[in-house]
Amino acid sequence: MATYLNKKILPHEFTGIPGSHGIAIGHAYVYDPSNFWIEERNIPADEIENEKNRFTDAIEKVTKDIKELKYKIETRVDEENARIFDPHIMLLHDPEVLKETNSLIESGKSAEFSFFRTTRKIIKAYKQTDDEYLRERIVDIRDIVRRVYVKLIGKDHQLFSDIDEPVIVVAPILTPSDTANMHSGKIKAFVTDSGGITSHATILARALGIPAVLSVKDASTGIHQGDLVIVDGENGKVYVNPSEDTIEKIHAEQKQLIKYRKALMELKDIPAKTIDGKRINLYANIEFYDEINAVLSNGAEGIGLFRSEFHYLINDTPPEEHDLFTSYFKVAEKLAPHPVVIRTFDLGGDKISHIIPSKPEDNPYLGWRAIRLSLSLRDLFKVQLRAIVRASSLRNVNILFPMISGIDELEKTLKILDEVKEEIKNEGTDYDPDLPVGVMIEVPSAAMIADHLAKRVDFFSIGTNDLVQYTVAVDRANDRIADLFDPFHPGVLRLIKRSVDAAHNAGIPVAVCGEMGGDPLATLLLIGFGMNSLSMIPSYIPSIKRIIRSFTIEQAQNLANKALEMETGIQVKKLIFDEFKKMNFESYLSL
């Protein structure tokens with residue numbers, strides 16, 4: 001690859017979503033493999049059999065390539081992250097995909113067009129869903145189509161392993177295989193026009209330690225080959241052709257960040273205690289087994305929220321009890337004896353599963369979702385409950401029910417759980433008869449009757465994302481009113497405090513598992529309210545632990561009491577900022 005020349009272009013910057021921590025500086029390598037279209041091509045009847053053989057051969061070659069990539073990730077990272085490529089292999093050998101492709105070939109279409117048209121049906125179906133996870137899988141499908149196409153036409157595939165000098169990759173989107181080919185030391189960071197923090201490419205970037213900023217609008221067209229680029233994966237900033245002052249500033253921040261990270265990791269095995277000895281449990285939120293390494297390396301004391309929607313979003317049929325049990329048991333076994341809180345499936349809203357019969361709703365967030373859906377689909381629900389109850393044999397599993405809005409819902413749910421436990425007991429299968437049961441406090445009605453709910457469960461977990469949304473009547477995905485989505489709104493804070501008090505009066509613990517749990521600005525406030533534990537993205541844990549170890553309970557309680565008297569969220573945040581300044585650790589808010 002040619003050495004880049006400095007360009008005299010005015011500096012500018014982009015803002016996106018922080019995808020993977022770190023700061024990097026280098027020249028841009030603009031990469032766009034996704035914009036291709038396979039034209040329809042007819043073949044004569046006497047070539048059909050040969051065309052089918054070409055397709056079969058291409059599938060085998062791509063499978064071999066994917067398995068090699070999988071092995072590369074196994075050796076460079078770990079076996080669990082390598083399993084990201086299992087869905088690729090499954091798609092390549094999906095009986096329905098192969099059958100439809102061969103059927104099109106038999107009708108006289110070329111192999112490349114036949115496979116392209118077959119997979120476009122899947123992509124179209126995924127595009128029509130609002131589920132973020134399925135939208136991210138579109139990238140994986142396109143990756144496979146591109147690879148099969150390359151094998152069929154004999155065109156060389158552009159690989160990052162061919163890059164011979166350190167660069168910043170800029171692309172519309174990146175696939176897992178793209179990311180897997182990013183050799184350490186050559187790819188310093190990447191920037192994409194789209195993509196989210198749950199994409200496989202982003203998961204791999206975090207595992208490989210490659211800084212990334214995602215959803216940077218027009219990055220691949222606004223950044224040019226050879227531009228000098230700074231990627232700030234901490235704050236979601238991308239600086240293009242920066243000034244000397246900016247470069248100097250970023251270098252200083254890099255040094256500070258390295259020093260800060262090193263200091264944080266020294267706290268890994270030290271408990272999160274306030275100065276006066278109050279112990280706060282810090283847990284991790286996860287969705288995949290792949291995230292366990294991050295949980296352990298960041299010093300989490302367990303899993304405060306294990307989301308369980310994955311199996312219902314990627315399969316063509318409802319998941320089997322054995323598969324669910326294996327998934328839950330593996331995580332619980334790896335974390336034992338630390339607790340693992342498994343939330344029953346929270347489908348509906350923005351997480352639409354094609355295996356569940358449903359029709360479009362005018363207000364999906366107010367409709368058939370979470371526990372309401374579970375109670376309606378009793379057989380499906382019982383399969384999951386059986387898997388969780390069986391996994392509880394390790395004695396560290398907790399079960400959490402989402403979106404409970406009233407006593408009737410809770411009692412119906414507990415009755416089904418009791419039925420399942422009785423079934424497991426009669427089968428002679430080991431399980432935890434004292435399996436802890438919790439409810440999420442994420443709708444205002446639940447917070448208002450928290451005293452009644454607390455008498456029937458073993459713990460509360462406050463889901464602040466939905467609680468804010470339902471309390472202030474703001475769709476958190478609506479950009480037009482995003483500024484109104486305020487976790488520090490006094491109405492939200494009072495509902496949180498009411499829930500904590502109700503839990504403690506009943507003698508049960510309470511946690512926060514929403515985004516507020518990992519927000520440094522909210523830490524003092526939540527501890528001051530009396531929170532027993534906080535659950536968050538694993539990488540946030542060291543920073544939150546350091547904050548907790550920097551104040552006393554009295555300081556936190558005084559701040560919380562003052563916050564409850566504030567009239568606006570802006571006043572609450574100013575109150576906290578002022579407290580941080582007095583304590584000389586306002587820098588925690590930006591790291």
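Reader: Which residue lies over the face of tyrosine 289?

Author: In this predicted model, lysine 330 lies over the face of tyrosine 289, at 4.3 Å from the ring centre. A second case involves arginine 390, whose charged end sits over the ring of phenylalanine 325, 4.1 Å from the centre of that ring.

Reader: How is a pair of aromatic rings described?

Author: Such a pair is described by the distance of the centres and the angle of the planes. In this structure the count comes to 5 aromatic pairs. In one of them, phenylalanine 55 and phenylalanine 115, the ring centres are 5.6 Å apart and the planes stand at 50°, so the pair is tilted.

Reader: Which parts of the chain does this pair tie together?

Author: Phenylalanine 55 belongs to helix α1 (residues 48-76) and phenylalanine 115 to helix α5 (residues 111-127), so the pair ties together parts that are 60 residues apart in sequence. Both phenylalanine 55 and phenylalanine 115 are buried.

Reader: What angle do the planes of phenylalanine 381 and phenylalanine 401 make?

Author: Their planes are at 65° and their centres 6.3 Å apart, so this pair is edge-to-face. Phenylalanine 381 is in helix α15 (residues 378-391) and phenylalanine 401 in strand β12 (residues 397-401), 20 residues apart. Phenylalanine 381 and phenylalanine 401 are both buried, and together with Phe345 they form one aromatic cluster.

Reader: What pLDDT does the chain average?

Author: The average is 85, and 84% of the residues score at least 70. Over residues 1-8, however, the pLDDT is below 50. Where pLDDT is low, the predicted coordinates should not be read in detail.

Notes. Residues are numbered from 1 along each chain as its sequence is written. This is a predicted model: local features need pLDDT of at least 70, side-chain atom pairs count only at pLDDT 80 or more; totals for chains, interfaces and linings use all residues. Side-chain values use heavy atoms; hydrogens and water are left out. pLDDT is the predictor's confidence in each residue, from 0 to 100. Contact means heavy atoms within 4.5 Å. Rings of Phe, Tyr and Trp (its six-membered ring) pair if their centres lie within 6.5 Å; planes under 30 degrees apart count as stacked, over 60 as edge-to-face and the rest as tilted. Helices (H or I, at least four residues) and strands (E, at least two) are DSSP runs, numbered from the N terminus. Buried means under 20% relative accessible area, exposed over 50%, partly exposed in between (1.4 Å probe, protein chains only). A charge sits over a ring if NZ of Lys or CZ of Arg is within 6 Å of the ring centre and within 35 degrees of the ring normal.
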